[in-house]
Amino acid sequence: MGLLQCIALGFKVNLAARMMVAYPGVVSCDAETCAASRLPSYCFRALPKRNLKGVISPTTVYQYVGTTEKQQRDVGVAEERSPYGPLLGREAEIDRFEFCLEAYKHLEEPHVLAFVGIPGSGKSHLLAELAILGRAAGHRVNAVELAEENLKQPFSAIRLLVARALGLQAGETCSDRQRALQTVLQGTIEESSYCLLNDVFLVEFPITDEVCRMRHTEWNSAFHLTCTQVLQKVLGGEFGIFFVDNAHFVDSESWSIMWPLLQSVTVLMVMSLAPGRDRAEDIFKAATDSTTSERITCLRLEGLKASDVVRKACQELGVRSIPRELARFLIQRSSGIPYYCEELLRSLRCNNMLLLHTGRPKEGEDSWQSLMAKASPAVTAASSPGSGCDGERMCAIRPDVNLETSMLPFALKEIALAELDRMDLQKQMVLKFAAIIGPVFTTQQLVHILPISVNQWINPLLDMLVKDNILKRLENTEEPEDVQGAPEGPATSGQAGSGVERPSVNTGSRKQQSDVLAFCAPLLWEATYELWPTRERVNIHRQCAAFLEKHAHKCQRCHGGDFVAFHRFGVSSPQKQGSCQGSADEDDCCSWEALVVAGEHLRRARTHPAEGEILAEGEQTTLRAEDGGECSCQCEAIAEAVLVPLARHYRAMGSTSQALYYVLECAAAYLHVSNSYMALMKLSEAEALRSSIKKEGNAIDCFEEAIFFSLKGEVCSNVGCVKLAKEMSRQALRLLEKRFPRTRAGAFVKSLWEGLKRAPQATGRASFLPQEARRKKQAWLVHQSRCLSLLEDLYSQEDTSGGQRFSRLAALMKANMDSKMHSYQAADSHIGQALN
C-alpha cells in the first residue's frame with residue numbers, strides 16, 4: 001500500500017520554496033508576511049533582489065534577524081515621510097503636539113503627550129510624522145521602539161533611552177560605552193557608583209569596595225538613586241524630544257524610575273500606547289488627576305473619517321478615484337483603522353478583484369452596464385502634494401466580484417481571533433451563533449438558534465459582552481406614528497399581493513420587546529463566522545431562514561403580502577410555508593418590532609458613506625444612494641433586516657434559486673419605498689445569481705426571469721433610461737407569454753385583435769381551476785398588467801403619433817388583462833361564499 005502524502009499548494013507555498021532556493025541558509029519572507037508579523041522593523045533586514053523562478057515582479061524579500069541589543073539601540077523613527085504621502089486624518093493630534101512643543105520651547109514646561117490606540121490605528125506612523133515636525137522645528141529627536149520582549153528584560157527601556165540620547169548606538173565595544181557614560185555623568189554621580197550601572201548598560205566599571213560592603217537593601221537604594229540621577233541628567237539635559245513607540249512595553253523596573261521623573265523633569269516625552277495595558281492605565285489615571293493633569297495629555301486615536309478612508313485608499317492604489325461600493329466596503333469593514341484598510345486593499349489586489357484603468361470609460365448607448373456605472377459613480381479624493389495619486393488612473397471593481405462575500409484577509413482574521421481567544425467558552429459560543437445571524441441581530445433570533453442548555457444563561461452572557469464592548473445594544477430612536485402590531489405572517493392565498501388589509505393585531509404589552517444588538521467591530525463578526533465548519537454552518541443558516549421567513553412581507557400599513565405581487569404563487573416551485581404560518585401572538589409582534597429597529601440601524605450604517613461626506617463637492621449623479629421621497633412605512637427596514645439576510649442565508653445553504661427569489665423581493669421592496677439605487681444594486685446581485693444558476697446547469701423559472709426583467713424596466717424608467725426600460729418590459733412580457741409589437745403595422749393589427757376581445761364572465765372558466773393554478777394565473781396576469789402600464793406611461797411621454805399609438809395599444813391590452821384578472825378574483829369570492 002502506497003504512502004499518501006498531503007501536499008499544500010498555492011502561491012504562498014510556491015513563493016516560499018523559491019525564496020529558500022534564492023536565499024539559502026536564512027529565514028526569509030515576503031513584504032506581506034513581514035507586515036503581518038507586527039514585529040518591530042529592526043527584526044527584519046531587506047535582502048538584495050534576485051530572480052525567483054515562476055514569480056513575476058517579486059516584492060521585496062526580508063530576512064528575519066531577530067532582536068539584538070545593537071538593533072534595539074539603532075532603531076528610530078523614520079527620517080523621511082512615507083512615500084504614500086503625509087499622515088491623513090490626524091490634524092487634531094498634530095495640533096496638540098505643536099502646542100506642547102511651543103510650551104516646552106518657550107516656557108520650559110515638562111509634558112507627557114500620550115496617544116492611545118488599538119493595534120493598526122496608526123500610532124507608529126503618527127509618531128514618525130511628529131518626529132519629522134520636531135526635527136523641522138530645530139529640535140534633536142530621540143526615539144525608541146519597544147517590543148513585547150522588553151517587558152521581560154529589566155531596565156531595557158532605560159538602557160535604550162540613554163543609549164539613543166548619548167549616541168551609544170554607534171559604540172561597538174564595552175569600552176566605547178563606558179567612555180560615553182563617563183563623559184556625560186562626570187560631576188553627576190560619584191565614580192564609585194559607576195559600577196552600579198554595569199548590568200543596566202552592559203558595561204564593566206570596576207566594582208568598588210564600598211559597593212561590595214553594601215547590604216542588599218542598601219545596594220537596592222543606591223542602585224535606584226544612581227539610575228534616577230542618570231535618567232534625570234539625560235532627560236533634563238540638552239538631548240531634545242523623546243519618542244517612545246509602544247510604551248506599554250516599558251518594563252516595570254524602568255517604569256518605577258521613569259514615571260516619577262516624567263512628572264517633574266523638564267522634558268517633552270511623546271508616547272504611543274495600546275489600551276488595556278498597565279502603562280496605559282497609569283497614564284489615564286494621571287491625566288485625570290487634578291495634581292498631574294496639567295503636565296499630562298492623553299489622547300485616544302479614533303478611526304479615520306470616511307473622507308480620509310477614501311483618500312487613503314486612493315493613496316494606496318495610486319489612483320484618483322475609487323467606486324462608491326469600494327468606498328462603502330472599506331469604511332464599514334475597516335472601522336476607520338488605517339492598517340485594516342491597508343490589509344483589505346492588499347487582499348482585494350492579491351485576489352485580482354480590482355481593475356485599475358486610465359481615463360474615464362467612453363459613454364455609449366444606454367445599457368445595463370452603463371446604467372450601473374452612472375448609478376455608482378467614482379468617489380474622488382481631494383489630491384494633495386506628494387499624495388502619490390496619478391491624476392488619470394482610476395479604480396473599478398471587476399463585474400463578477402461581490403465585495404460583501406469576499407473573504408476576510410488572514411492578518412485581520414488573526415487579530416480578531418486573538419481577541420476571541422481571550423474570552424471564556426460560553427461567550428465564544430454566543431458570539432459564534434450570533435455571527436451566523438449577521439452583524440445586527442435580535443435576542444429572539446439568537447434564542448431560536450442557540451442550544452437549549454445555553455438559553456438559560458443568555459441574558460447574563462449578553463450583558464457581559466455589552467460591558468466588555470464586544471456587543472452593543474441598539475435603541476429605537478424613531479417611534480413611528482400609529483405603531484400597530486405586525487402582520488401575523490405572510491399573506492394568505494387570497495391576500496398575497498391583492499392589497500387587502502389584514503385585521504389588526506393586538507400588540508399587548510411592549511415590555512417583552514426583543515433586544516437588538518450589534519457587533520462593535522465588523523472584523524470580529526466576520527472572523528467569528530468563518531470559524532464554523534461548513535456542514536454545521538448550513539444547518540444554522542437553515543434555522544435562521546425559518547425564523548425570518550414568517551416576517552418576509554410588507555408591513556401592515558402597506559397591507560402585507562409579497563413585495564413582488566403573488567410571488568410565491570407565480571413560481572413553479574412555490575416557497576415552503578410550513579415554518580411561515582402561525583398565529584399572530586405577542587412574540588411575533590415583538591419580533592417584528594425588533595426587526596424593524598434592526599433594519600433601521602442597518603439602513604443608517606449602509607447609507608452613512610453616501611451622506612455627502614465622501615463625495616466630491618458639486619458631483620452630480622444619475623442616482624443617489626437614497627433617491628426616493630419620504631416613506632413612513634416599515635418596509636425598508638424589513639428589507640434590510642429580513643429580505644437581505646434571507647438571501648444571504650440561502651446563498652450560504654447552497655440554494656441559489658431561493659437566494660434569487662429573495663434578492664428579487666429585495667429589489668421590489670426598495671422600489672416600493674422609492675429607493676432605485678438599492679433596487680439597482682440588488683438587481684445586479686440577481687444577475688450574478690442567474691449566471692451562477694446557469695453555470696450549474698439548472699433552469700431558471702420563467703416567471704422569475706420575467707420578474708427580473710420587469711424590475712429592471714421599472715428601475716430604468718425611474719432613472720430616465722426610456723429606451724432600455726421599454727426593452728426590459730418587452731422582454732418581461734415575452735417571458736410572460738404576452739408579446740408587445742415593435743412596428744406600427746404590428747401595433748395596428750394588435751389593436752384590432754385586442755378590440756375584438758370580450759371581458760370574461762366573473763364565474764367563467766376561472767371558477768373550475770384548482771386554487772393553486774388560479775393563483776399562478778393571477779400572478780402572471782398581475783405582472784403582465786404591470787409591464788403594460790409601464791409601457792403605456794413611457795410611450796405617452798413621446799410627442800409622436802407612433803408613440804401615442806403604442807401608448808393606446810398598451811392601455812387597451814392592460815384593460816383586457818385587468819378584466820381577466822377581475823374574473824379570477826370574482827371566482828375566488830364566489831367559491832368562498834359557496835364554501836361558507
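Analyst: A residue is called buried when its relative accessible area is under 20%, exposed when over 50%, and partly exposed in between, with a 1.4 Å probe and protein chains only. Of the 836 residues in the chain, 51% are buried. This is a predicted model, in which local features need pLDDT of at least 70, side-chain atom pairs count only at pLDDT 80 or more, and totals for chains, interfaces and linings use all residues. Residues are numbered from 1 along each chain as its sequence is written, and side-chain values use heavy atoms, with hydrogens and water left out.

The chain has 33 helices and 15 strands, which are DSSP runs (H or I, at least four residues, for helices; E, at least two, for strands) numbered from the N terminus.

Helix 29 (residues 702–718) packs with helix 30 (residues 722–735) at an angle of about 160°, their axes being 8 Å apart; axes are lines fitted to C-alpha atoms over the stretch in contact, and angles run from 0 to 180 degrees between N-to-C directions. Helix 29 and helix 30 are therefore roughly antiparallel, since angles under 35 degrees count as roughly parallel, over 145 as roughly antiparallel, 65 to 115 as roughly perpendicular and the rest as oblique.

The contact (heavy atoms within 4.5 Å) involves residues of helix 29 including Cys-702, Phe-709 and Cys-716, and residues of helix 30 including Leu-724, Met-728 and Leu-735. By class, nine nonpolar, five polar and two charged residues take part in the contact of helix 29 with helix 30, where Ala, Val, Leu, Ile, Met, Phe, Trp, Tyr, Cys and Pro count as nonpolar, Asp, Glu, Lys and Arg as charged, and the others, Gly among them, as polar.
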